[in-house]
Amino acid sequence: MKVYDLIVVGGGHAGIEAINIASQFEGVSIALVSMPGVSLGSAPCNPSIGGVGKGQVVRELDALGGAMGILADKAGIQFRTLNESKGFAVQSTRVQIDKEQYSLEAEKFIGNLENVDVFYEKVSSVSKENGIFSIKTTQSTVFKSKTIVMTVGTFLNGKLHCGSEQMSGGRLDCKESDSLKDIFGEINTLPLRFKTGTPSRIYKSSIDYSKLEEQPSDCSTRNFHLLNKPFSREMPQISCYLTRTNAKTMEIIRSDKDNSPLFNGQIKGVGARYCPSIEDKAYRYPEKDIHHVFVEPEGINLDTVYPSGVSSSLPRGTQEKFIKTIAGLENAVIKHHGYAVEYDVIDTTQLDNTLMFKNIEGLYFAGQVNGTSGYEEAAGQGFIAGVNAVLKVLNREKFVLSRRDSYIGVMIEDLITNTRDEPYRLFTARAENRLFIREDNAFLRMCPYRDKLCLSTNLDRALIEIMESYYLLKNLVSSMKYSNVFYVEENFGLNEFVKNTNGNVTLSEILKLPWVNPVEILSYVLSREEVEFNTVAINTVAIETKYEGYITRANDQYAKVGKIEDKKINLAKILNSKNISFECKQRIERIKPETFGQLRRIEGIRAATLAVVAGGAL
Amino acid sequence: MYYFDETPIIACSTSAHGRSAIAVIRISGNFELEQFSEILKFSRSGPIEPRKSYLIKIHENDQLIDEALAVFFSAPNSYTGENVLELSVHGNPINVDRIIELFISKYRLRSANPGEFTYRAMKNNKLSLSQVEGLDLLLNASSYFALDSGQNLLRGDLDKEFIQLKEKFLTLKAYLELNIDFAEDIGEERSWSLARSAFQSFNDSLMVLWDRGSIEPKTILSPKIVLFGKANSGKSTLFNSLLKTERSIVSPIAGTTRDYISEFIMIEGVQFELVDTAGLRDTEDFVESQGIARAHELIEKSFYKILLQNVYEIDFSFEKFDADLVIYTHLDVVQDFNLPAGSIGANLLVDDVTKQVIDKLLHKFKDVISKNPIVIPRHRELINSLSDRTTSLKTLFDNEPDIAILSSELNLIEQELYELLGQVTPDRVLKEIFENFCIGK
């Protein structure tokens, strides 16, 4: 019987990335075992890829050789740059996708990988003997492999709720997986279950668009994939729309609180505070009636839209009633009703920094089963688990991203240093080094990591080119005297400034001026000088120059902290301290950190706690 | 040098100089009472309860060397948060030294470093940094005001205000993060207006503290009254008259060489240093003289500046000193002199004038104190620096804001805030604070 090097269980966003990166290593044999009846790379929630903090992950993946950026570009039907007016460091790309097309592209993509076999079967048990895993399916097929990546999403012991209706399932019209206990006797899931939810889907044709605010696609938003032309689009572009709830909407929801599974005790799982259902919004913020509802198309040919912001597990009748109070949705016809899903998650503190289960060598977990939410978070983990599984088979050094230079690194470290008490989502606020880990320089940050994999694909060749371009341009910008580019002053209102410097100022000093748009100026100068540079490199050099001082300062601060990273801490003293909050102590007690660095990395530890400990360790 | 151990330390808490009837020896650290049983003989048998006083005998090699009162404090309910034993022994320094030496040689206790008891109290969170600063102020106070300020700090009153400031800061920080990560959910406009109003609220609180910190603390903690004016304007007369009316006291500050005459007087519980600049190049060309710089400094740093003008030869060059009170003397010479508002006229410096001077002086002092000034230099420095940073943050807010830069600036403010709260205490701060303590406090 064939023994695969790697078997990935689950063909969602995590699974796709795991398979994709693994397949780039020559001579590795891979199988995907995915739930029958579920399309690959499906989008059961928001039909979009990217977003604040998440767009950065997609670009990191893309520069590492990931699949998500490629697929999103192919299926993108509305592109936007979020936080466009707020400074480059926090700008993120979000792409609405045609979810049907996305799955088609994903299936095509995986199908084209030569060393990957795909099976649609439901896994019933996994066991390990003599270093080899055996995966049994309900059809009694047995697969064998050296490593496994489990990306089972919300399917573990999944249970759906819609009003008082309850059914088993991983999502609408999909069967659930057995509980992990049944599949894997030795692994405990967290005692608490997680919950997520989704809104009803509404027929496009039943919406009065004249009452909605249109948000068209932005043609100046760059594609995710580095090798794509930056602004070309594969799909026709369509708009999203904005509407709002009102007092009537909220009153209907509030008056049916008793029938809300979330609030009448039917659902015990913990949902994410940052992704509240409309019931949460109604009951927790009784004084607020107006909430945004984004009407997002699910696809060009699909007949439904996704009303983002009103996810609900209220009874069907109530959902219909409140939806119809929203401007533009008065005559809305619901195709599928919203529902909540409860599922098991594993305790990620049992994973190491490659997402391998510490007690079972070769077994990896990635994606929503780890208690995260979001396709991008899942994809990031899938990549890390997949690449490390293969590196393990090949007996090579493990692949770990630092939280200093990537959002994926931030996420993995957050996951493994603490037990989740609510679904985890990436925010830019989770990253200490936000001015440096930006979308525009993902290639720069990821290139050294990609190099370590020693692969040779089109991407690797492109990365070399962009890096060369970047270094060249960086030199140029710091040495080029501004007097040589006098024409800029006519165009960007820099007359006064230039006069005062007597022309003795470099281009880089100009780019640092707070009131200039560095990308605009640098692009203009280069075009006037008729020198061609890769536009990705131009963006990065311009933005990096602008933030240089701030980044250096942040790094200096970090260096100071870094010194005490390895300092041993007195756990008993910390747990007895009056200056440390109860929640912090609880978290500290669970993880039992030994050094200041480990303490610092526990999620939810407040800066004040660190300060107290650092103060005491002086 | 500070140790990070819990070795029992020992020191005498009363003044090392001079004799007194009783001296208190304090031992703090990781010890059990029983271990001293060879030296300390309790007069009553049975368990020793904390916080109760016991009569004990102190033995050296079975020879009685002193009788004392002992109080045991059990950790963490003690000043330092460790086990503490206090022995009230007879106060002769030789006796005290012998007992301390006995503990050190027999039980390897360590002699406490200056301020080490308080240092341990802080490390064990018995006192915050501001409370330690308050204690310092309290123990070195030379006026009721300074005593009160010290007590307030020790009670943690100012801490509470700093904590409120920090909470407002955290709101601001949270709203900025909200603006970055959740602007779509909240709405662009609303998230900015939340951030702006949070900034305003933080800034307002900070400005209140800044106002309170804008008074130079030296001028009120050891306030000087300075008399200046031309020769023969009546400075010495007023000086002597004030000394006569008020209680003159011996200066606690050891003899510095002085080129001016000064005495300490106590007025309503406040110790003032009264300075007559007569000795300070009191010549015709005073303003141009070599003593200018010195005189300037002296006058400017004084709490209360009294300018004496001989109406017969008024010197307007003194007006630049912005005197708190002007006294016009020799009014008998110029008959129709119009006294400017607020000033005092005097023919002869009699008790009545002195009383007026003191009234005005106290009025100002009470007025200043009623503003609840912040007197710890470290606090004032940090508040000043915070207010500078906040001002530049405001500029960033007002111009087209790059929110990533805003939040990076916010991180710097955060660091200083925690420093203000004493939660991040760089070495130098600790060093400075604890060096002000004598052994045993």
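# A walk through a predicted two-chain model

In chain B, seven strands form an open sheet in the order S3-S4-S5-S6-S2-S1-S7, and the pairing within this sheet is mixed. Strand S3 (40–42) and strand S7 (110–111) of chain B stand at the edges with a single partner strand each, so one side of each is left without a neighbour in the sheet. Here strands (E, at least two residues) and helices (H or I, at least four residues) are DSSP runs numbered from the N terminus, and two strands pair if DSSP finds at least two bridges between them. Within this sheet, strand S1 (residues 9–12) of chain B and strand S2 (residues 22–29) of chain B pair in the antiparallel sense over four bridges, and Ile10(B) has Ile27(B) in S2(B) as its bridge partner.

This is a predicted model, in which local features need pLDDT of at least 70 and side-chain atom pairs count only at pLDDT 80 or more, while totals for chains, interfaces and linings use all residues. Residues are numbered from 1 along each chain as its sequence is written, chains are lettered from A and ligands numbered from 1 in the order in which they are written, and side-chain values use heavy atoms, with hydrogens and water left out.

The model scores ipTM 0.78 and pTM 0.78. For chain B, the average pLDDT (the predictor's confidence in each residue, from 0 to 100) is 79, and 84% of the residues score at least 70. Among the elements of chain B, strand S5 (residues 63–73) has the highest mean pLDDT, 93, whereas helix H13 (residues 427–435) has the lowest, 51. Over residues 250–258 of chain B the pLDDT stays under 50, and the model has four contacts beyond four places in sequence for them; over residues 437–441 of chain B it also stays under 50, but there the model has 25 such contacts. Where pLDDT is low, the predicted coordinates should not be read in detail.

Chain B as a whole has 13 helices and 14 strands. Of its 441 residues, 50% are buried, where buried means under 20% relative accessible area, exposed over 50%, and partly exposed in between (1.4 Å probe, protein chains only). Among the contacts in chain B with a separation of 6 or more, 61% are between residues 24 or more positions apart, a contact being heavy atoms within 4.5 Å.

Another group of strands in chain B can be followed from strand S8 (residues 224–229), which is mostly covered, with five of its six residues buried. Four bridges join S8(B) to strand S11 (residues 270–276) of chain B, and the two run parallel; Lys224(B) stands opposite Glu273(B) in S11(B). S8(B) also pairs in the parallel sense with strand S12 (residues 304–310) of chain B, over five bridges, and Ile225(B) has Tyr304(B) in S12(B) as its bridge partner.

We turn next to the nonpolar cores, each a set of buried Ala, Val, Leu, Ile, Met, Phe, Trp, Tyr and Cys residues joined through side-chain atoms within 4.5 Å. The largest nonpolar core has 197 residues, of which Leu363(A), Phe399(A), Leu522(A) and Ile306(B) touch the most other members. Helix H9 (residues 375–393) of chain A gives the most to this core, with ten residues. Apart from this core lies another, of 26 residues, among them Ala23(B), Phe31(B), Phe72(B) and Leu102(B).

Helix H9 of chain A also holds Gly380(A), which counts as buried at 0% relative accessibility. Leaving aside its neighbours within four places in sequence, Gly380(A) is in contact with Val57(A), Leu61(A), Ile408(A) and Met411(A).

Two loop residues of chain A complete the picture. Thr245(A) lies in the loop between strand S15 (240–244) and helix H6 (247–255) of chain A, and this residue is buried, with a relative accessible area of 2%. The side chain of Thr245(A) reaches the backbone oxygen of Asp289(A) at 2.7 Å and the backbone nitrogen of His291(A) at 2.8 Å. Ser260(A), placed in the loop between H6 and helix H7 (278–284) of chain A, is likewise buried, at 0% relative accessibility. Not counting residues up to four places away in sequence, Ser260(A) touches Glu279(A), Tyr283(A) and Leu314(A).

Methods
A polar contact is a pair of N or O atoms within 3.5 Å; within protein, one must be able to donate a hydrogen and the other to accept it, and residues adjacent in sequence count only if both atoms are side-chain atoms.
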